[in-house]
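Please view the sequence and the model first.

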Amino acid sequence: MEKKKTISEVIKVRDLVSHYGERQILNDINLTIKQGEVMVIMGGSGSGKTTLLRTMLGLNTPTNGDIELMNKSIIGLSTPELYKIRQQFGVSFQGGALFSSMSVRENIQLPLNEHTRLDQKTMDIMCRLKLEVVNLSGFENLMPAELSGGMLKRVALARAIIMDPKLLFFDEPSAGLDPVVSAELDELIVKLKNAMNMTIIVVTHELESAFRIADRITVLDQGSVLITGTVDEVKNCENERVQNLLNRRPRNENVDADEYLKRLTGSM
Amino acid sequence: MIKESVTRFGRKGVDFIETTGMMGVFLFNCFYHVFRPPHKIFSIIKQIHFIGARSTIVIVFTGLFTGMVLALQGYHNLKDFGSTDLLGSAVGLGLIQELGPVLTALMVIGRAGSAMCAEIGIMRHSEQIDALECMGIDPYRFLMVPKFIAAIISLPILTFIFDIAGILGGYLVGVVLMGVSEGSYFQGMYNSVDWADVQLGFVKSLIFAILIVWIATFKGYFLHILKSGGHGAEGVSRVTTDTVVLSSVMILASDYLVGTIML
């Protein structure tokens, strides 16, 4: 119990509300993420998980609420202050977001080029080391167009960890990958957490992947948190919507067909 | 009915004001970083190669044919008044004051402006701009500034090349084909074109350079927010078309404005 208290909370999300135009996407989200844990944010399509991730990254401005990254609120920060904070974390986007006009090496070295004064030789060594971590040694001179989907994601991961960040964000790491590559990527995430003591936040809708890597899981549905807990706690949760998600049941399976048709045609 | 029309009109007005404000803030951000070294020299050189060097052939041919047409039209008009000696003056002034900067800018819009907009639009769509921001890299400094500096350097040089090619084209038609004397062609030009005309052409090319990059990068950067934009390939193609149309109109409008102020 005493030991638990000493674990610092690196991300605190408080009363977060977010809108796209007039549509509410996030509804009163409260969440804390502890140092060194893998937190998986899970939910179906349109549940608001990507919006939550983008808001935590400072890419979206919330309507209400606060987000603290490493004990500093990012809401209302100036752009240079936000950029400074962002240098301490790495992000791997769903499609990789690699720069197509740059080689793998140039992509990975970009943060080093921008934020450090290291010489080219040192940067080359660091690049090779990170490529080794993601099992892509020898690929540094290829262009992104020459890589497969799984390789793109691993290069994006190498770029995300080149500055040895304290926080690592993943948006749908398994999306579009076959089960073998997806499992490899999951292994890599766990390896990173163990080897580098990183705090990792993963947004995904892949159940198997989530259960493989998560220390804790937050389940989102329609912009609200249904449950936050360990894998077992989530699996044993009695909330119907959580069970629908875990058992891949459609949301409206008990809807009366006539009623549904009337609602669609607007005759209700 | 009337209420709906007024509402729609009002909404368009608000959208216009909002977009204009966003464009102003965008330009301010770009120039704030333009005047804050250090700059990325390699990126600037790369952009000069893209905007400038790779447009040279198009500019040379456009300039050459423009000069040839000017000389042909000018010769037939001046011949009726027995003033073919003024051909050099007409070609020189027309090219240096007006056609050189305007047609160079229009060519650069078609060749580089549309490409810049599409490039940045695709970067926005594929989350590359988000990735830059998440790496703590300012997209204005990283993407826009090299393009602005490169265009500001390239456009006056391209305009100069256009003018030279046009004068040569005029020489080919006027002197070689129509038989106007070489001396009167160049002397007429020398007598009528003064330093103020060259300055006017230079100032115009600078303004056009800023306009082209401003509109192209703004449209691409805010692809996801702009009413004319949207997502995906269709959104990119729409903002690219918009860029070409809006930049061309703005070039012609500002050409008139600058001419009115400086002449």
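Which residue of β2(A) stands opposite K12(A)? The residue opposite K12(A) in β2(A) is T32(A). The structure is a predicted model, in which local features need pLDDT of at least 70, side-chain atom pairs count only at pLDDT 80 or more, and totals for chains, interfaces and linings use all residues. Residues are numbered from 1 along each chain as its sequence is written, chains are lettered from A and ligands numbered from 1 in the order in which they are written, and side-chain values use heavy atoms, with hydrogens and water left out.

## The sheet of chain A

Helices (H or I, at least four residues) and strands (E, at least two) are DSSP runs, numbered from the N terminus. Two strands pair if DSSP finds at least two bridges between them. In chain A, four strands form an open sheet in the order β2-β1-β4-β5, with antiparallel pairing. β2 and β5 (72–73) of chain A stand at the edges with a single partner strand each, so one side of each has no neighbour in the sheet.

Strand β1 (residues 9–20) of chain A is joined to strand β2 (residues 23–34) of chain A by eight bridges, and the two run antiparallel. Within this pairing, V13(A) has L31(A) of β2(A) as its bridge partner. The hairpin of β1(A) and β2(A) has two residues between the strands, and G21(A) takes a positive phi near 65 degrees there. β1(A) also pairs with strand β4 (residues 64–69) of chain A, in the antiparallel sense, over five bridges. In β4(A), N64(A) is the bridge partner of V17(A).

## A buried asparagine

N107(A) belongs to helix α4 (residues 104–115) of chain A. Its relative accessibility is 0%, so N107(A) counts as buried; buried means under 20% relative accessible area, exposed over 50%, and partly exposed in between (1.4 Å probe, protein chains only). Contact means heavy atoms within 4.5 Å. Leaving aside residues up to four places away in sequence, N107(A) touches L98(A), F99(A), M102(A), P144(A) and R159(A).

A polar contact is a pair of N or O atoms within 3.5 Å; within protein, one must be able to donate a hydrogen and the other to accept it, and residues adjacent in sequence count only if both atoms are side-chain atoms. The side chains of N107(A) and R159(A) make such a contact at 3.3 Å. A polar atom of the N107(A) side chain also lies 2.8 Å from the backbone nitrogen of F99(A).

## Salt bridges

A salt bridge is a side-chain nitrogen of Lys or Arg within 4 Å of a carboxyl oxygen of Asp or Glu. Over all chains, the structure holds 19 salt bridges. Four of them are listed here, including one between the chains.

| E68(A) | K12(A) | 3.7 Å |

E68(A) is buried, with a relative accessible area of 15%. D164(A) is partly exposed at 45%, whereas K130(A) is buried at 10%. In chain B, E119(B) is partly exposed at 33% relative accessibility, while K147(B) is buried at 2%. Salt bridges that share partners join K12(A), R14(A), D66(A) and E68(A) into one network.

## Chain B and the interface

Chain B has nine helices and zero strands. Of its 263 residues, 48% count as buried. The C-alpha trace of chain B spans about 65 × 55 × 30 Å along its principal axes.

Between the chains, 18 residues of chain B are in contact with 23 residues of chain A. The area buried between them is about 1,600 Å², with 59% from carbon and sulfur atoms; buried area is the accessible area (1.4 Å probe) that two parts lose on being put together, summed over both. In chain B, E127(B), C134(B) and M135(B) lose the most area to chain A, together 37% of what that side buries.

The interface holds three salt bridges, and six residue pairs are in polar contact between the chains (both at pLDDT 80 or more). α5 (128–134) and α6 (139–177) of chain B each supply at least two residues of the side that touches chain A. α5(B) gives the most to that side, with six residues.
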